[in-house]
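Trainee: Hi! Could we go through this structure together?
Mentor: Happy to, let's take a look.

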Amino acid sequence: MRRHPGIGSYERDRMPGAIRRVSPASTIHRIIDIDPQVLVDQGKRLVLLDVDNTLLPWKSKEIPPDVAAWVERGRELGLQHCILSNTRHPERLEDLAGRLGIPFERAKFKPSREMYVAALERFHVKPEQAVMVGDQLFTDVLGANRSGIDAIWVQRLDRREFLGTKLFSRTLERLVGMMLSRWFVSADGQGTRSFLKSRVLGQLIRFAIVGAVCTVVDLGLHFWLLGRAQWGGMPLSHAIGGWVIDTLGLSWPKDPGHLIDAAWIPTKVGPVALAILTSYLLNFAWTFRDEKAKPSALQAGRFYLVALVGLLISTLVSFGIKRALTGSFERDFALASLVGMVAGFLWNFNGQRIFTFGAHRKP
Ligand SMILES: [Mg+2]
């Protein structure tokens, strides 16, 4: 489905609170399609602007002439503008703002409220007199809503963007876009195609089912190897654990607890390898069957690579989140693990779909 629904607005009053937080007030194709006179009529005085993929393509330094003209037209009508950006390239931002003749706020990452609040204070404007224009739900729109400011969601200008945005935010945007479509009122009669019938959703669900099956294979086999399998009249885990302790010269006592600990990682390798192989075969034959990819050693290699990087990502993300949280151990552990799992899943799904099975990147 199209990630962005076209031109229209959302009935935010009817939404549950959680989803309202990421809902724009309205949507439009490009920033220049916004009529500054309409903003003025709505009582808006300040227009907050995202940079990449809103004002100009990602990393570009060329200001499209129609964008410059749009800013000028708003200015003539008495609107004030301010760029909000957490860029790591301040020189590009300064240059851009200088050429457009508008100031900027640069601070903590959106959706932090910091830049929004700073801009409101700078221009002595109330939240309801401001509007935010941006291309991302989880940064531009969420940050605006948290600050009590209406947001206009524009279609991204270019497919090229920061890899993290592409892999994580945009997939979540599709899912949230599906939920939001219930409250969408189309202004151009095109409406939204149902995400529920789209190919990507079918793939996403099948991928999740395959993931669950492979987790059972992994955990079941690991449990059997550690706890049930026998070798030469003794538990297999004791044989392997004893060998590991001797080979590495560990000073661990050879009681059942330490033998199992020593065997933990060696007995995990086989189940993980088998689970990924199962996952590859099922995803090839079932999840991504519509992509018509041909099986090959290269394809299988790519699948393993993406899966292992996914494992690394979920571990690092959960570690990073855990470090940033300061609540109780149980709550932090659960939250960090959940976010890590979601990040790993989104990476895996997109990586396997695009990199391994070569899904068309058509919407
Ligand atoms: Mg952007």
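**Around the metal site**

Mentor: D135 counts as buried, at 2% relative accessibility. Buried means under 20% relative accessible area, exposed over 50%, and partly exposed in between, with a 1.4 Å probe and protein chains only. This is a predicted model, where local features need pLDDT of at least 70 and side-chain atom pairs count only at pLDDT 80 or more, while totals for chains, interfaces and linings use all residues. Residues are numbered from 1 along each chain as its sequence is written, and side-chain values use heavy atoms, with hydrogens and water left out.

Trainee: Which residues coordinate the magnesium ion?
Mentor: D50 (OD), D52 (O) and D135 (OD), at 2.1 to 2.3 Å. Donors are N, O and S atoms within 2.8 Å of the metal (3.2 Å for Na, K and Ca), and water is not among the atoms, so sites may look incomplete.

Trainee: And how are the donor residues spaced in sequence?
Mentor: The pattern is D-x1-D-x82-D. D50 lies in the loop between β3 (46-49) and α3 (65-76), and D135 in the loop between β6 (130-134) and α6 (137-146), so the pair ties together parts 85 residues apart in sequence. Helices (H or I, at least four residues) and strands (E, at least two) are DSSP runs, numbered from the N terminus.

Trainee: Is D50 buried or exposed?
Mentor: D50 is buried, with a relative accessible area of 8%.

Trainee: Switching to charges, which residue forms a salt bridge with D50?
Mentor: K110 does, with the closest N and O atoms 3.0 Å apart. A salt bridge here is a side-chain nitrogen of Lys or Arg within 4 Å of a carboxyl oxygen of Asp or Glu. K110 sits in the loop between β5 (104-105) and α5 (114-123), 60 residues from D50. Both D50 and K110 are buried.

Trainee: How many salt bridges are there in the whole structure?
Mentor: The search finds 20. One of them joins R12 and D150, with the closest N and O atoms 2.6 Å apart. That pair links distant parts of the chain, 138 residues apart. R12 is buried at 18% relative accessible area, whereas D150 is partly exposed at 27%.

Trainee: Which residues are linked with D135 in a network of salt bridges?
Mentor: R156, E161, R170 and E173.

Trainee: Last topic: what lines the second largest cavity?
Mentor: Its lining includes V51, D52, S85 and H89.

How values were computed. 1 Å grid on protein atoms, 1.4 Å probe; cavity = no way out; pocket = protein on both sides within 12 Å on 5 of 7 lines; lining within 4 Å.
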